[in-house]
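The following note sets out points for a colleague who is examining the coordinates.

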Amino acid sequence: MKIGLIELSAHNEVLESLIRQAVDVGASPTVYTNAFCAESSGAADSSAVEWRVCPPGLPYAEFLDKCQYSIGSQDHLLIVTPVDSLCGPLSEASARSATWHCLVHNLNTFTSSDGDRPSAAIAKLVLEGAAGVLLPDLRLMKSGDPLRSRAINIAYPQHPPTEFVREEVRCCIPGRMYSGRDHAELLSALEVAAPRLTRRLRVDFLGEHASEETKAAVEASREAVVPSVELLDHPGYVAQEEFDETLAEADFLILPVSEFLTRNGIVETRGQTCVTGNVNDMVRFGLPALMPAFYPLSGHIDGMTARYGGIASLADLIVTWVNTGEFNRRKRAAAPGLEAYRSECLSAMREQLAARH
């Protein structure tokens with residue numbers, strides 16, 4: 001089976017997950033992407049993957065035109081991020097043998113009637129049937145709704161859980177610091193927890209600041225939580241290599257996901273119409289996590305988490321996990337669930353590749 005993956009935006013972590021799943025179901029995928037994603041990929045050296053990388057400065061439409069024969073020779077094409085540059089190839093898909101699958105990250109935005117929004121043109125094509133809508137998490141599927149009938153998991157296990165023997169506890173909050181994550185609640189919880197900690201805690205906000213407000217908030221909390229907590233943040237974009245190295249050394253994650261995300265007046269509900277990529281961070285490295293109670297997860301991986309609802313409960317969990325090493329117990333117990341989850345991922349991938357619309 002020939003599978004092509006197309007990513008012309010910057011969702012390199014999603015592309016990476018899908019490459020690994022495609023290889024694990026026995027395919028040798030061809031990847032059509034940009035230099036940013038290719039350089040960020042840990043699968044770049046895999047002999048099972050063929051890379052077609054758009055040269056810097058070449059418009060994506062011209063790049064896709066150059067790849068026309070290769071794209072048309074695939075059995076399946078998975079669009080990781082729907083961008084307007086794909087309109088030409090997608091509008092001609094009926095004349096080709098490939099089955100097209102469009103991964104929709106924000107369902108309400110994608111189905112909006114606002115024709116002026118980015119990617120409205122390709123959304124129109126997909127909704128008219130030029131490609132099947134594919135959701136990025138099995139939990140988003142709902143029977144009876146054609147747009148919610150097909151899904152795969154973009155979170156995919158890659159590294160086994162690792163326990164560390166050291167005095168310091170290391171926690172990460174992965175991702176850009178923006179409105180999609182409630183960093184204010186997390187900082188308040190750390191301030192409440194700090195006086196009760198019996199072990200030193202290092203907290204790494206592993207992503208760039210979206211505003212001066214988040215930068216100032218971290219700086220203010222930094223003074224409030226010393227000496228028991230050290231807060232680290234980053235002045236700009238965190239390169240994938242540094243991101244992965246930091247996660248590989250972490251004891252646990254905190255995922256302060258906001259329940260609602262509003263862009264251009266369109267509201268997305270996390271775990272219902274869109275997902276957080278932070279679950280991929282958790283699953284990829286087998287890292288236990290503290291996360292809000294509202295967010296749904298597969299039963300195979302839910303045991304890796306402890307759930308909170310507000311500042312006080314998050315503070316209590318931080319104290320318990322740091323003082324008792326609860327995160328290591330969760331790591332030791334995670335392997336069977338991660339293996340079952342991997343099987344769930346691959347079954348979903350096979351199911352979608354077996355179905356032709």
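Contact, as the word is used in this note, means heavy atoms within 4.5 Å. The model under discussion is a predicted one.

1. N280 is found in helix 11. Is this residue, N280, buried or exposed? Its relative accessible area is 4%, so N280 is buried, the limit for that class being under 20%. Leaving aside neighbours within four places in sequence, N280 is in contact with E13, S17, I154, A155 and Y156.

2. The largest pocket. The volume of the largest pocket is about 1500 Å³. Its lining comprises 46 residues, and those nearest the centre are H11, E13, R176, Y178 and R263. Several elements each supply at least two residues of this lining, including helix 1 (12–24), strand 8, helix 10 (240–248) and helix 11 (278–285). Strand 11 (260–263) and strand 12 (266–269) are also among the elements that each supply at least two lining residues.

3. Six strands form an open sheet in the order 3-2-1-4-5-6, and the pairing is parallel. At its edges are strand 3 (50–53) and strand 6 (132–134), each of which pairs on one side only. Neighbouring strands in this sheet are turned against each other by 20° on average, direction ignored. Within the sheet, four bridges connect strand 1 (residues 3–7) with strand 4 (residues 76–79) in the parallel sense, and I3 stands opposite H76 in strand 4. Helix 1 packs on the sheet and touches strand 1, strand 2 (30–33), strand 3, strand 4 and strand 5 (99–103). The direction of helix 1 makes about 175° with that of strand 1. Helix 13 also packs on this sheet, touching strand 1, strand 4, strand 5 and strand 6, and its direction makes about 120° with that of strand 4.

4. An open sheet of six strands has the order 9-8-7-10-13-14, with parallel pairing. Strand 9 (229–234) and strand 14 (305–308) are the edge strands; each has a single partner strand, so one side of each is left without a neighbour in the sheet. Strand 7 (residues 169–174) is largely enclosed by the rest of the structure, because five of its six residues are buried. Strand 7 and strand 8 run parallel and are joined by six bridges; the bridge partner of I173 in strand 8 is F205. Strand 8 (residues 201–208) is in turn joined to strand 9 by five bridges, again in parallel, and L201 has V229 as its bridge partner in strand 9.

5. Helix 9 (residues 212–225) lies across strand 8 and strand 9, and runs at about 160° to strand 9. The loop between helix 9 and strand 9 holds P227. A cis peptide bond joins V226 and P227, with omega about 5°.

6. Nonpolar cores. Which residues have the most contacts inside the largest nonpolar core? They are L18, L90, W100, V279, M282 and I301, in a core of 83 residues. Helix 13 (residues 326–354) gives the most to this core, namely eight residues. Apart from it lies another core, of 31 residues, among them V225, V229, Y308 and L314. As for M282, its contacts beyond four places in sequence are L253, L287, A289, L297, I301, M304 and T305.

7. S119, in the loop between helix 6 and helix 7 (120–130), has a phi near 70°, a positive value in a residue other than glycine. N264 likewise has a positive phi, near 55°, and lies in the loop between strand 11 and strand 12. N264 is exposed, with a relative accessible area of 73%. V275, in the loop between strand 12 and helix 11, counts as buried at 17% relative accessibility. Neighbours within four places aside, V275 is in contact with H105, P136, D137, L140, I154, R270 and Y295. The C-alpha atoms of V275 and G4 are separated by 23 Å, the two residues being 271 residues apart along the chain.

Technical notes: Residues are numbered from 1 along each chain as its sequence is written. This is a predicted model: local features need pLDDT of at least 70, side-chain atom pairs count only at pLDDT 80 or more; totals for chains, interfaces and linings use all residues. Side-chain values use heavy atoms; hydrogens and water are left out. A nonpolar core is a set of buried Ala, Val, Leu, Ile, Met, Phe, Trp, Tyr and Cys residues joined through side-chain atoms within 4.5 Å. Buried means under 20% relative accessible area, exposed over 50%, partly exposed in between (1.4 Å probe, protein chains only). Two strands pair if DSSP finds at least two bridges between them. Axes are lines fitted to C-alpha atoms, for helices over the stretch in contact, and angles run from 0 to 180 degrees between N-to-C directions. On a 1 Å grid over the protein atoms alone, a cavity is a set of points where a 1.4 Å probe fits but cannot get out, and a pocket is an open set with protein on both sides within 12 Å along at least five of seven lines; lining residues have an atom within 4 Å of a point. Grid points are joined across faces, edges and corners, and a volume is the space filled by probe spheres set on the points.
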